Amino acid sequence: MTAPKRLLTIQDVSCVGQCSATVALPLVSACGVECAALPSAVLSNHTGGFPSWTFRDLTSDMAGIEAEWRKQDVRFDAFYTGYVCEPQIDPILSVMEHCAAPGAVRFVDPAMADNGKLYVGFGPDFPSKMARLCAGADYVLPNLTEAALLLGREPVLSGYGESFVEEIVAGLHALGAKNVVLTGVSFDPARLGTAVSDGSSVRYDFNPRLSRMAHGTGDVFASVFAGAVLRGLSALDASALAADIVCAAIEATPDSHWYGVCFERAIPLLVSRLAGA
Ligand code: PXL
């Protein structure tokens with residue numbers, strides 16, 4: 001029997017709210033990939049709609065954890081970063097450099113903005129710091145707002161075409177990202193999708209746009225994408241699967257459940273779609 005791949009996710013633990021590590025751990029595991037976690041901070045709940053939160057920064061623990069792993073020769077086949085703060089970027093780059101198994105893959109979701117705006121708590125210069133993580137990524141997974149901000153551009157939410165998307169994608173490759181998976185792309189109000197590029201061609205995948213928007217869907221998308229790529233799917237197939245799981249999770253979420261999506265209800269579908277992969 002072959003050993004499962006081991007991925008290290010580096011992002012916060014929002015104790016309540018269905019985002020970041022509490023999404024990555026179950027979904028990467030459901031893909032049949034071992035999921036280790038390096039928590040960058042602990043929050044009582046996420047910052048996207050709750051009136052207040054506690055925030056314990058764990059940056060100062062990161063170097064000691066890395067040192068322990070180096071001492072024990074702990075290595076990872078993949079790294080997946082999500083919501084992180086500026087002082088954590090150098091420690092993350094260090095863990096990625098020193099705890100990588102041969103051929104380790106870096107997935108970077110620059111989780112910092114949506115719908116044209118940075119999340120509460122990030123200043124206007126943060127995207128240029130996040131760009132440093134994206135520069136070394138094998139796969140970068142921004143939404144359109146994050147992509148524009150990474151490139152120092154004003155976010156554009158509608159009224160664009162393929163040439164605009166392809167300019168943004170080219171900009172992200174120029175930053176250093178090997179593969180680009182751009183989410184939240186829409187040329188037609190009825191459909192929402194993803195542009196996937198390996199630097200030589202851009203391909204698209206669309207699903208019907210659901211009427212309900214929901215928090216944490218970027219984290220569901222990135223977790224499934226990373227798990228599926230490690231199970232051997234192509235970037236386009238992994239992106240299509242991740243989008244289907246996001247749609248299934250949104251459809252399984254009652255309106256009263258405002259702070260996240262009931263992704264656990266989509267796990268059986270995820271497991272069955274990956275059977276045999
Ligand atoms: O889902 C992204 C995310 C992750 N972690 C925290 C957040 C958010 C988005 O608001 O607040 C703490």
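## The shell around the ligand

Sorted by class, the residues that form the shell around the ligand comprise 4 nonpolar, 6 polar and 2 charged residues. The model is a predicted one, and the values given here are computed from it. The residues around the ligand are D12, S14, C19, S20, L43, H46, T47, G48, Y83, Y119, H215 and D219.

## Polar contacts and burial

Among the residues of this shell, D12 has a polar side-chain atom that lies 2.9 Å from a nitrogen atom of the ligand. Of the 310 Å² that the ligand exposes when it is taken alone, the protein buries 98%.

As for its place in the protein, the ligand sits in the largest pocket.

## The sheet

The model also contains an open sheet of 9 strands with mixed pairing, and the order of these strands is β3-β2-β1-β4-β5-β8-β9-β10-β11. At the edges stand β3 (55-57) and β11 (202-208), and because each has a single partner strand, one side of each is left without a neighbour in the sheet.

Within this order, strand β8 (residues 139-140) and strand β9 (residues 179-188) run parallel and are joined by 2 bridges.

How values were computed
Residues are numbered from 1 along each chain as its sequence is written. This is a predicted model: local features need pLDDT of at least 70, side-chain atom pairs count only at pLDDT 80 or more; totals for chains, interfaces and linings use all residues. Side-chain values use heavy atoms; hydrogens and water are left out. A residue is near a molecule or strand if one of its heavy atoms lies within 4 Å of it. A polar contact is a pair of N or O atoms within 3.5 Å; within protein, one must be able to donate a hydrogen and the other to accept it, and residues adjacent in sequence count only if both atoms are side-chain atoms. Accessible areas come from the Shrake-Rupley method with a 1.4 Å probe; for residues, only the protein chains shown count as cover. On a 1 Å grid over the protein atoms alone, a cavity is a set of points where a 1.4 Å probe fits but cannot get out, and a pocket is an open set with protein on both sides within 12 Å along at least five of seven lines; lining residues have an atom within 4 Å of a point. A molecule sits in a cavity or pocket if more than half of its atoms lie within 2 Å of its grid points. Ala, Val, Leu, Ile, Met, Phe, Trp, Tyr, Cys and Pro count as nonpolar, Asp, Glu, Lys and Arg as charged, and the others, Gly among them, as polar. Two strands pair if DSSP finds at least two bridges between them. Helices (H or I, at least four residues) and strands (E, at least two) are DSSP runs, numbered from the N terminus.
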